[in-house]
Every structure is written in C-alpha cells, then in structure tokens.
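Here is a short report for a first look at this structure. It covers helix packing, aromatic rings and a few backbone details.

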Amino acid sequence: MRLFTYLFWPLVLLMTSQTSHAIELIDSRVPAALKKAYDARYQDPLSCIADVARYKLQQKSLVTGPETEENTVSFYILPAHLEAFCYAQLEDYNNAIKLLQPLLKDPSESYNDITTLTLIALNIPEQDRPQLSNAFLLEKLYEAAQHSKIKSTNLTITIQLAIAHLSLKIKHYHEAYRALEQSKILIQKFKDKKLVPWLDYYYGLYYDLINQPQLAISAFLSANQQADKHALIKLSGQVKQSIANIYQNKHRFQTALNFTSQQIELYQNTHNSIKQVTSLIEHAVLKRQDNEYNQSIIYLFNALDIIQDNKNPFLLSCIYLELGRTYLSNRDDKTENLALAQKYLQNARLHFSHLNKPHFQAESLVLLARLNMVNNDPALAILQLEKALELANENDLILRMNAFEMLASNYESTGNLQQAIVHFKNFHTLQNKVKANLFELQQLQISEQLQLLEKTEQQKQLEIQNAELQVSTNRFQLFTYASVTLLIFMSLLFFSALNRNKKLYHAHQAAQLRLSVHPRTKLPFQYVESNHFNYIYHDLPLYYALLNVPFLSQLNELLGTDKAMEIEQKLGQELQNSFSNDIDIFQFRGNQILFITKQQDYESAGNFAQEIELFFSVFCKKQQLEDAVSCGIVSFPFLKNASRALSPSETLNLSSLALFASSQIRQQKQQSSWVELYAIENLQPAFLNGDLWELAQSAINKGVVKIHSSHENFQFHWPHVDK
C-alpha cells in the first residue's frame with residue numbers, strides 16, 4: 001500500500017488542470033480528481049462541497065507514507081480552499097472561515113498562504129470573521145505584497161485587488177486607487193487579460209464610492225460585458241447588482257430592474273438556490289420602491305418557495321421581513337394588508353430572535369411599531385421601539401434615529417410631552433451625528449475627486465506632450481524617409497552588382513560542395529579543408545582506422561557503371577545510417593575509407609575493426625560481393641606524452657603503413673584482417689622526426705612501435721626492407 005501511494009500521487013499531480021479567468025484560486029493547479037468539483041463551484045456549490053468531501057475521504061484512506069509538501073497541498077490545502085469558496089457562494093460564511101482560518105499563517109509568503117489570505121479578504125464579510133478585521137487583513141496583504149516570493153503574476157495582481165477591496169470597505173479611497181493602478185500596470189506589463197474584468201469591477205466600486213456614478217457605470221458595463229463573455233458567474237452577478245444599486249440611488253427603478261432581471265436569469269441557470277433567492281429578494285425590493293407592490297409580493301413568494309426546500313432560516317427570515325415591509329407599504333385594501341404585514345413581521349422577529357440577529361430583530365420591531373402607529377396603538381408601539389433600541393447596536397445610527405423619532409411622536413400622541421421631548425432630543429442628536437458623518441464622507445469623496453481630477457489633468461498633460469513629441473517624430477521620420485528613398489535609389493546599383501557576385505559565390509560554393517564529397521558514396525573527402533578532418537580532436541584519444549575495400553576497385557568492370565553507382569550509393573547511405581554520430585567517416589581514395597572514433601567508445605582497436613568488418617560482411621552478403629577487407633589502425637595522438645607532436649595528416653601516414661601490413665594478411669589469408677600500430681610508453685617525438693614513413697618502419701624493427709593484429713605472429717614485409 002505504501003508503494004502504491006508513492007506511485008499514485010505523482011500521477012495525480014501530473015493529471016491537473018490550471019484555472020483561468022477566476023480571481024479565486026488563481027493559477028492553482030487543481031488535481032484531476034477535483035476538476036468536477038472545481039467546475040461546479042459557481043453552478044452547483046452544494047455538489048462541489050459533496051465532491052470535495054468524497055475526495056478528502058478517499059485521500060485519507062490512501063495516505064500511508066510520510067507527508068510531503070507536495071501531497072499536503074493536494075490532500076489538504078487545495079480541497080480546503082475549494083470547499084471554503086463553495087461555502088462562501090452559499091453564504092455559509094461560518095463553515096468557510098472554519099476551513100480557512102487554520103490555514104492562515106504569519107507571515108503569509110508562500111503561494112498557498114497568500115491564496116488563503118485573499119480568499120478570506122474577498123469572499124467573507126467582516127461581520128462573519130470577527131477575529132479577522134478588515135484592518136488586520138489589510139496589514140497582512142501589504143506584508144504579503146512586500147515580502148512574498150511568489151512567481152505568479154496573477155496572484156500578485158489578486159493581492160492588489162484584495163487590498164483595493166478592503167481599502168474601499170474602510171473608506172481608504174486613495175490606497176484603493178493606488179492598488180488598482182498597480183494592478184493595471186502589472187496587467188499591461190505582462191499582457192495577461194485574465195483579471196481585466198475584475199479590475200474594471202473594482203474601478204467601478206471605487207468611482208461609485210467617491211460619488212462618480214458615470215465613471216462607475218462605464219467601468220461596471222465594461223466588466224459586465226467581459227464577465228458575460230467569459231461566463232464569470234460570480235463577477236457577472238456582483239456587477240449587475242452594483243449597476244442596479246447606482247440606478248436605484250438615482251430613483252431610476254426601471255433601469256435598475258432591468259439589471260436585477262438579468263441577475264435573476266443568470267442564477268436561474270445554476271443550482272445555487274441561495275443566489276437565486278437573494279436575487280429575487282433584491283428584485284422584489286426594487287419593485288416595491290417603484291410602487292409595484294403586487295409584483296414585489298409575487299417575487300418574494302417565489303423566493304419563499306425556493307428557500308423552504310433548502311432550510312436556510314436566515315434567508316427565510318429576510319423574506320418574511322420584506323413581505324411584512326411590502327404589505328405595510330401597500331395602502332390598497334388597508335385592513336387585510338396590515339394584518340398580513342403583522343403576520344410576516346412577527347414571524348421575521350421571532351426567527352431573527354432564534355438566530356441571534358439583533359440588528360434584524362430590531363428592524364422588525366421598528367416596522368411592527370410603525371404598523372401599530374397606523375393602527376392607533378401607541379402603547380404597543382412604544383414597547384416595541386424601546387425593545388428595538390435595546391437590541392440595536394450603537395453604530396445602527398439610522399435605525400436608532402428613526403426609533404427615537406417614532407418614540408417622540410408616540411409619546412406626544414399619548415400626551416406625555418416630557419418623554420416626547422427627551423426622545424426628540426435623542427433623535428436630534430443622532431440626526432446631527434448622521435449629518436456629520438455624511439458631511440465627513442462627502443468631504444472625503446470631494447478630496448478623492450480632486451486628487452483624481454489632478455491625476456487626470458496630469459495624464460492629459462502627458463498625453464499632450466506625447467502628441468507633440470509624436471509630431472516631432474513624424475517630421476523626423478519624413479526627413480528620414482526622404483533620405484532613405486535617395487539612399488535606396490543609390491543602393492540599387494550596388495545591390496544589383498552584389499546580387500550578381502552573390503550568385504557567383506553560391507555557384508562556387510555549390511561546386512565546392514560537390515567536390516567535397518565522393519560523387520557516388522556521398523562521403524566527405526578527407527583532403528578537403530571544409531570537411532574539418534584536422535579539427536576533430538578535442539582532447540579525447542581517437543582511433544584512425546583506414547580501410548581498404550577491394551571490391552570498390554573493380555565494380556565498374558564487374559557490374560557496369562549503373563549497377564556500380566547504385567551499390568556505392570547504398571554503401572554510403574548504410575555507412576552513415578549504421579554507425580553512430582560519434583564516428584566520422586571520410587572517403588580517402590576510391591577504394592579506401594577512413595573511420596575516426598573516440599577510443600573510450602571501444603574496449604580496443606580490435607573491437608572497432610571487428611565492428612567495421614561485420615558491417616562489410618553483412619553488406620557484401622546482400623550485394624553478393626567479396627567481403628574481405630583490410631584495416632590499418634593507429635591512435636591519435638600517437639605519442640601519449642606529446643599529443644601535438646604528430647598532426648592528423650601525419651597520423652594518417654601511419655594508418656597507411658598499418659593498412660599496408662593488414663593488406664598482406666588479407667591477400668595471404670583471403671579473409672578480412674586488421675593491424676594496429678602503437679608506440680611504447682614515453683617514446684620521444686625526436687625518434688620520429690623526419691621521413692615518417694621510413695622512420696616508422698625502423699621503429700617497428702627496433703621494437704619501439706608495436707604491432708597488434710587480427711592474426712598474431714604473422715610475418716610482415718615492410719616497403720623499405722624490400723628496396
């Protein structure tokens with residue numbers, strides 16, 4: 001089993017798919033076994049979670065060997081990232097943060113650490129991660145951007161987008177803009193378009209938050225177009241909602257409804273019931289604000305039908321709240337609508353109480369109090385409003401302000417003017433605080449707008465300067481073109497002459513090439529300088545084997561020129577195909593072939609000669625020719641203690657002497673033969689200084705040059721002895 005694990009995981013890691021066009025798990029290599037889950041992360045998050053759970057169980061049963069960094073990523077980290085993201089798509093942030101927080105490291109430097117950090121920052125709202133505030137995560141992202149060693153450009157851009165996202169949340173608009181500009185520079189530098197839609201989306205958020213709605217809509221529409229083109233479901237849903245929010249704030253409800261309708265259609269094509277419900281609720285709210293109460297109620301009941309099958313108590317409570325609010329706002333059939341409003345608001349308050357959601361519970365109570373004010377029951381309204389104030393957080397300024405205003409009105413209607421004055425003062429204090437906060441926000445927006453305007457002006461100035469520079473460049477180019485035209489005209493004659501010379505040169509080269517190889521065997525001639533015979537040696541000892549092939553001398557007479565040419569062509573081809581690239585083969589004479597190889601490739605010169613003999617034996621048998629050949633072999637360098645004493649051409653002279661001896665054996669024995677000449681150790685170069693042909697024969701007689709042959713003890717006759 002342990003052996004199986006070691007063999008299995010390298011295979012799993014190879015069978016991976018790389019993600020694209022998604023800000024989550026950017027550039028992660030997802031194991032093939034998780035590919036189905038990854039593909040379902042938007043369309044069917046529940047299926048994704050189930051597939052990841054099965055995958056983790058399978059891996060738990062397979063892991064028997066020691067943990068390594070590689071299998072830890074595949075076994076634990078990637079599945080946790082994917083599962084957490086799917087929980088976030090279902091707005092189950094509690095389970096998402098349980099999976100991600102244990103993986104968070106300080107400092108976050110590795111690819112997986114930073115992916116964990118960006119997943120938390122981009123997918124989990126601050127209220128659902130109380131131990132990880134936006135400010136804390138922002139600090140960690142800045143540290144990761146400065147000190148990480150990751151090589152993924154897309155993840156580097158994702159860090160900057162996460163910084164922009166959190167900076168916008170805490171109203172640090174300048175830092176957000178700087179992060180977006182840094183992302184833009186990186187995208188332009190590396191020409192990677194995967195995150196361009198997300199960059200446009202965050203630019204849109206930035207422009208929206210600094211109260212530049214036209215710029216925001218332009219950026220959002222660009223992001224929306226690209227998201228639809230690349231089927232980026234998460235981004236498409238978010239950007240459509242952002243556009244709808246802008247038009248909602250402008251009270252252009254029909255335009256806003258157009259985009260929420262697109263959002264509903266987007267989620268209807270998925271199995272993500274949570275997104276389906278939230279999109280229906282948002283559409284219903286817009287319908288109510290556009291005074292289409294019946295349509296609003298229809299959409300809310302559609303959402304109710306979906307959520308009742310999915311057992312999501314929070315969304316169910318939200319639907320009850322919006323139903324109550326809608327019935328309360330509808331003045332048609334007042335009595336029945338008020339009764340229905342009370343029913344749904346009571347249900348909402350009860351559910352929010354069980355879920356421990358004090359803000360929503362307080363909101364339900366304020367609406368119930370408003371309903372009781374309509375029903376002329378100020379006493380009950382007062383009780384509900386005071387309970388709402390107990391539940392409301394100090395930061396819920398609008399809710400508390402409305403509660404105090406309603407309390408003052410109710411106490412006034414009951415004649416308790418003292419309490420009415422107290423609550424009116426509280427209302428006035430909160431109203432001033434809300435106005436102060438709004439003024440501070442407006443000042444911040446104006447400051448950011450001015451900075452943006454200044455940067456835009458600077459950019460325009462740079463563009464003007466660039467245009468002026470372009471004009472100067474064009475003038476210079478015009479002058480250059482005129483000069484070049486004249487130069488071309490003057491050069492035509494030169495190039496025509498050059499072309500003629502070039503043709504002559506190529507013709508000469510072609511002739512040289514034809515002369516550098518044997519016309520039949522196509523083997524390079526040894527004596528042609530371009531064949532590099534003299535440059536083969538690279539400090540590794542070589543064998544020079546000079547071969548005499550008797551049948552080549554009489555092929556024309558025996559077979560005729562056509563057949564002889566065919567056989568010699570086959571011989572050249574098979575020599576080049578049969579011997580490795582490490583062996584150089586030259587045509588020495590019509591019937592002599594030179595083989596040069598490294599000594600380290602063969603045990604001895606005899607083995608090299610036998611390989612050559614075997615080739616000719618097979619070839620001659622196929623062609624029905626005499627297969628006896630003789631081979632003369634010497635080492636290069638011939639003198640081991642003086643590698644440069646004899647040149648390759650001089651060494652070839654010794655090969656010819658060895659071939660002379662080998663041919664004697666072949667002629668007498670009528671079989672293939674070989675002879676190797678080699679010098680004794682420490683033979684001085686001066687001994688061979690002179691006529692190498694005669695000196696080598698003298699050296700043989702004196703025993704300083706030894707003979708090793710295929711036929712030992714053969715009596716050789718040397719040329720100078722016979723003179």
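## Burial and the model

A residue counts as buried when its relative accessible area is under 20%. Over 50% it counts as exposed, and in between as partly exposed. The model is predicted. By that cut-off, both Tyr177 and Tyr206 are buried.

## Helices H9 and H10

Helix H9 covers residues 173-190 and holds Tyr177. Helix H10 covers residues 196-209 and holds Tyr206. The axes of H9 and H10 are 10 Å apart, and the packing angle is about 155°. Angles over 145 degrees count as roughly antiparallel, so H9 and H10 are roughly antiparallel to each other. Their crossing is left-handed.

From H9, the contact uses Tyr173, Tyr177, Leu180, Glu181, Ser183, Lys184 and Ile187. From H10, Val196, Leu199, Tyr202, Tyr203, Tyr206 and Leu209 take part. Sorted by class, the contact of H9 with H10 has ten nonpolar residues, one polar and two charged.

## Aromatic pairs

How many aromatic pairs does the count come to? The count comes to 27. A pair of aromatic rings is described by the distance of the centres and the angle of the planes. Tyr177 and Tyr206 form a tilted pair, with 5.2 Å from centre to centre and 35° between the planes.

Phe494 is exposed, at a relative accessible area of 52%. Phe495 is partly exposed, at 47%. Elsewhere, ring pairs join Phe579, Phe595, Phe615, Phe616 and Phe619 into a cluster.

## Helices H18 and H20

Helix H18 spans residues 358-374, and helix H20 spans residues 397-414. They pack at an angle of about 30°, with axes 11 Å apart. That makes H18 roughly parallel to H20. The crossing of H18 past H20 is left-handed.

Which residues meet here? H18 brings His359, Ala362, Glu363, Val366, Ala369, Arg370 and Met373. H20 brings Leu399, Ala403, Met406, Ser409 and Asn410. By class, the contact of H18 with H20 has seven nonpolar, three polar and two charged residues.

## His423

His423 lies in helix H21, which runs over residues 417-516. Is His423 buried or exposed? Its relative accessibility is 9%, so His423 counts as buried. Setting aside neighbours within four places in sequence, His423 is in contact with Phe404, Leu407, Ala408 and Tyr411.

## Backbone details

Most residues other than glycine have a negative phi, and most peptide bonds are trans. Asn291 is not a glycine, yet has a positive phi of about 65°. Asn291 lies in the loop between helix H14 (273-289) and helix H15 (293-308). With 54% relative accessibility, Asn291 counts as exposed.

Asn376 has a positive phi too, of about 60°. Its place is the loop between H18 and helix H19 (378-391). Asn376 is exposed, with a relative accessible area of 68%. The peptide bond from Phe636 to Pro637 is cis, with omega near 5°. Pro637 lies in the loop between strand S6 (630-636) and helix H25 (648-669).

Terms used: Residues are numbered from 1 along each chain as its sequence is written. This is a predicted model: local features need pLDDT of at least 70, side-chain atom pairs count only at pLDDT 80 or more; totals for chains, interfaces and linings use all residues. Side-chain values use heavy atoms; hydrogens and water are left out. Axes are lines fitted to C-alpha atoms, for helices over the stretch in contact, and angles run from 0 to 180 degrees between N-to-C directions. Helices (H or I, at least four residues) and strands (E, at least two) are DSSP runs, numbered from the N terminus. Angles under 35 degrees count as roughly parallel, over 145 as roughly antiparallel, 65 to 115 as roughly perpendicular and the rest as oblique. A crossing is left-handed if the near helix is turned anticlockwise from the far one by less than a right angle, and right-handed if clockwise. Contact means heavy atoms within 4.5 Å. Ala, Val, Leu, Ile, Met, Phe, Trp, Tyr, Cys and Pro count as nonpolar, Asp, Glu, Lys and Arg as charged, and the others, Gly among them, as polar. Rings of Phe, Tyr and Trp (its six-membered ring) pair if their centres lie within 6.5 Å; planes under 30 degrees apart count as stacked, over 60 as edge-to-face and the rest as tilted. Buried means under 20% relative accessible area, exposed over 50%, partly exposed in between (1.4 Å probe, protein chains only).
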